Amino acid sequence: MPFLKRPRTNQPRSKLLDAKSQKRGLWCTVFSVNGDEYKGEWLNNKKHGKGTQIWKQSGTMYIGEWTFGKPDGHGTLSVLLPGTKQYATKYCGGWKNGKKHGYGMHFYKGSAVYEGEWSEGHRGGGWGKMWYESGDVYEGEWMKDKNHGRGIILLANGNWFEGTWWDGKKNGNGKFYYSDKGQISEGIWLDGMAKCGTLSDFGRNEAPAPAPCPIPQLQLVDMQLVLSEAKSAYLERINSNFPLHDTLTGKE
């Protein structure tokens, strides 16, 4: 009778035994060989339901919902503070397939905080508000971690801009308020730079540091015609650079 050898496998014995155990339901804490630990619910040998995972090497902890082995639903991700046994929250909110997704709040190093919509691990997919460490605050639409769409940014010095953004830069129609000088610039922006528009007094009498002289009136025969022609030239450039230009130009 011939002797049949068992097929060899590259998987370690610990993983083979773990696969055969077919964990399901509510379990006590399960320790991995590398020091990671998980306590919570299982289904078909995968984390499924509510549970807590601690990764020893990175010092991070996730508490929340799981779907077939990945964070999915609502959960909180925390990091271990150096030299202590205390955890600090990094993110609290929605998850999908192991990535931040839906509504959530992320705490960055320093004082920076983002609260709003997430899409596949990135800030975006809708509205969001970002408090920067510099003191600036942006509130509006996002896409792939950048200001994208309609939004307003309030600068730490009190000035602010409201208008349209593309890929993190001012693009399209917008208004920049110089609260310190009591002036407003209104027009077209391209790649973060004001290209065409008007500069006028706005609350000049209440401004803390107004310009010495008010802005003089233009002596043009048809000021609106000159302005519209200049705007049209830049809008053509915007239309050619950005396929989804309706958000930038304000067209319905």
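Guide: Start at a turn. This is a predicted model, and in it Gly158 takes a positive phi near 100 degrees. Gly158 belongs to the hairpin of E12 and E13, which has five residues between the strands.

Now the strands themselves. E12 covers residues 146-154. E12 and E13 pair in the antiparallel sense, over six bridges.

E13 is the strand to focus on. E13 spans residues 160-166 and is mostly covered. Of its seven residues, five are buried, where buried means under 20% relative accessible area. Across the protein, buried residues make up 30% of the 252 residues.

Next, the other partner. E13 is also joined to E14, residues 169-178. Six bridges link E13 and E14, and the two run antiparallel. Here Glu162 stands opposite Lys175 in E14. E13 and E14 also form a hairpin, with two residues between them. Asp167 sits in that turn and has a positive phi of about 55 degrees.

Finally, step back to the whole protein. Its secondary structure comes to three helices and 16 strands. Among contacts with a separation of 6 or more, 15% are between residues 24 or more positions apart. The protein exposes about 16,500 Å², and carbon and sulfur atoms supply 55% of that area.

Technical notes. Residues numbered from 1 in each chain as written. Predicted model: local features only at pLDDT ≥ 70, side-chain atom pairs only at ≥ 80, totals over all residues. Heavy atoms only, no water. Helix = DSSP H or I, 4+ residues; strand = E, 2+ residues; numbered from the N terminus. Buried < 20%, exposed > 50% of the residue type's maximum accessible area, 1.4 Å probe, protein only. Contact = heavy atoms within 4.5 Å. Areas by Shrake-Rupley, 256 points an atom, 1.4 Å probe, with all protein chains shown as cover. Pairing = 2+ DSSP bridges.
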